[in-house]
Every structure is written in C-alpha cells, then in structure tokens.
Amino acid sequence: MIDPAKVCLYIPPGLKNFKLNLFNRIGAKIGRVIQTDLAALSNLPDDITPVIGCTPAVRPLIDEWQKRGREFIYWDRGYTRRVFATDLPVGKDGGFYRWHRNAFALRSIRQVPDDRWKLQQTPIWPWNQNGKHIVVAEPSPTYQRFHNIEGWTERTVAALKGLTDRPIVTRDKEMQRFGRKLHEDLKSAHVLVTHGSNAAVEAVIMGCPVFVDQSSAAALVGHTDLSKIEAPIYPDRQPWCHALAYSQFCETELVDGTLWRLIT
C-alpha cells in the first residue's frame, strides 16, 4: 500500500473548473501538491512519489525518471465507465480514472476477483472474426505530443497500405461526441489499429481485435506487430477485464483511501 502522505500531485495549468475541483479534492487528501511549477516537480525528494497526467510539458521529466528508476504514478481517464469520449455505458459523478505505478496503462493481467468488474455492468461482446475493413483511431494532438509520435496516423496508414488491400476507415475521438459512434465504425471491421487510445480497450470489449503500441493496455489482448495484420487474435478477455477494473477508481475512491489500498 502506498502512503498518500508520501506522494505529490502535480496540477498543470489551464484546467477547466470541474477538473481543477477534482485535482483539489485529491490534493487535500495527500502529502503535497505542486501547481504548475515544473521546476518544483523536478526537484522533489526521491522519497516523494510524483503523480502526473497526460501533460506534454512533463514528458522530459518522466523520461528522466524512467532512466534512473524513480517511481512515479500516472493517472488518466478510466478504461470503462468514463463520462467523455466513450461508446460503452457512461459513468456517474465524473466516472472512473485509471492510476498506474511507473506505467501509462495496464502492463500485466493480475489475478484479481471479478467483483469490481461486475460492478461496472459493462457487457463483453462476442468476437467478430469475419470483418472486412480496418479502423484507424487517431491519437489526440495532446496524446501525440506527450508520446512524441506526431504524424503517427499518416505513417500508420501508409504502412497498412503496404501490407493489406483492405479498406481503411480513420476516426478521432471527437467523432464520438458529434454522433459518429465507435461501434458503428467497428461493424464488420477486421481490426482496429491505434497507438494507445482507449478506443482499443473499447474495441476489444466490443468484440473487435486490435493492433496497438506495446504501451497500450490492449496490447495484453491484441497484437503489436502490424506485419500480422491479417492474423488477429481472439483471446479470453475476462481476466483482462477484471484487471482493468482493479486499475481504475471512481472519484469517491480517489479520496476515501481505496485508491491507495489497490493501486499497483
């Protein structure tokens, strides 16, 4: 169990009020808070664990922490029961957030109970094994800057055209908000391809195999090698779903101590 008195939450600039309010509620229950000051974040004592999100300006610090083995915690919108950019059942009261130690997403399938997954009430769709086209989910501009992958969509589409004759459909997460639902693009899809977008997690749950970067949580149930685009896999998803549920927390759990008991 992590001691919340020994962590420091970084609050980036430019947050909308609802996000800032959540940051402040979390910050009130932990040891330290740093607001916008990257120099102070860089100078944290090694016995204090920084908590950061998808903020491109912080990425050089993360790279340095990873090189020297410094522990950090990354948090972002959850895998399921989100309240934005989701085609699965929507969450309540802000939805869920994923929290991981020293990683941006789930890196292994822990053997955990099914209780938290059952509470999500998110159905797992049967695998579609007879799809025709390929869906490419474009990473957001912020995600691309954070992961240093600008131009990923253009490079990936070009690579796919050299590997397959299948039709390619591209989408971004804003399409979900404006009415073009993910499940509609996944109808009769052969696979979904993305870097680490949560669209891959949703696609797997909705029965579409995926090709992703190795840093994606969906890499545990998909392929990471585009050269195998014609040979997707269809693994058992239940243990993976259980592990996802044990890696995300509702807003109440972010402040009542549940997070610190369960985070790994």
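Student: What makes strand 6 and strand 7 a pair in this predicted model?

Tutor: Two strands pair if there are at least two bridges between them. Strand 6 and strand 7 are joined over four bridges, in the parallel sense, so they meet that cut-off.

Student: Which residues are bridge partners there?

Tutor: Ile134 has Ile168 of strand 7 as its bridge partner, and Ala137 has Arg171 of strand 7.

Student: How do you know that strand 6 also pairs with strand 8?

Tutor: Use the cut-off of at least two bridges again. Four bridges join strand 6 to strand 8, and the two run parallel. One partner to look up is Ala189 in strand 8, which bridges to His133.

Student: What is the order of the strands in the open sheet?

Tutor: The order is 7-6-8-9, four strands with parallel pairing.

Student: Why do strand 7 and strand 9 count as edges?

Tutor: Each of them has a single partner strand, so one side of strand 7 and one side of strand 9 is left without a neighbour in the sheet.

Student: Why is strand 6 called largely enclosed?

Tutor: Five of its five residues are buried, so the rest of the structure largely encloses strand 6.

Student: What makes Thr194 buried?

Tutor: Buried means under 20% relative accessible area. Thr194 has 2%, so it counts as buried. You'll find Thr194 in the loop between strand 8 (189-193) and helix 9 (198-205).

Student: How do you know that Thr194 makes a polar contact with Ala137?

Tutor: The cut-off is 3.5 Å between N or O atoms. A polar atom of the Thr194 side chain lies 2.8 Å from the backbone oxygen of Ala137, so that distance is within the limit. Leaving aside neighbours within four places in sequence, Thr194 is also in contact with residues including Trp152, Ala200 and Phe211.

Student: Why is it said that the buried residues of helix 6 line one face?

Tutor: Start with who they are: Trp152, Thr153, Thr156, Val157 and Leu160 are buried in helix 6 (residues 152-161). Looking down the helix axis, these buried residues fall within an arc of 120 degrees, so they line one face. Here is the general idea: an α-helix has 3.6 residues a turn, so residues three or four places apart point the same way.

Student: What sits on the face of helix 6 turned away from the buried side?

Tutor: Exposed residues do: Glu154, Ala158 and Lys161. The buried residues, on the other hand, pack against strand 6 (133-137), helix 5 (141-146), strand 7 (168-171) and strand 8.

Student: What makes helix 9 mostly covered?

Tutor: Eight of its eight residues are buried. Among the elements that cover them are helix 4, strand 6, helix 8 and helix 10 (238-245). Just after helix 9, Gly207 takes a positive phi of about 90 degrees.

Student: Why is Thr36 called partly exposed?

Tutor: Thr36 has a relative accessible area of 40%. Buried is under 20% and exposed is over 50%, so 40% makes Thr36 partly exposed. Thr36 lies in the loop between strand 2 (32-35) and helix 2 (38-42). Its phi is near 70 degrees, a positive value in a residue other than glycine.

Definitions and conventions. Residues numbered from 1 in each chain as written. Predicted model: local features only at pLDDT ≥ 70, side-chain atom pairs only at ≥ 80, totals over all residues. Heavy atoms only, no water. Buried < 20%, exposed > 50% of the residue type's maximum accessible area, 1.4 Å probe, protein only. Polar contact = N/O pair within 3.5 Å; in protein donor to acceptor, adjacent residues only side chain to side chain. Contact = heavy atoms within 4.5 Å. Arc of directions from axis to C-beta.
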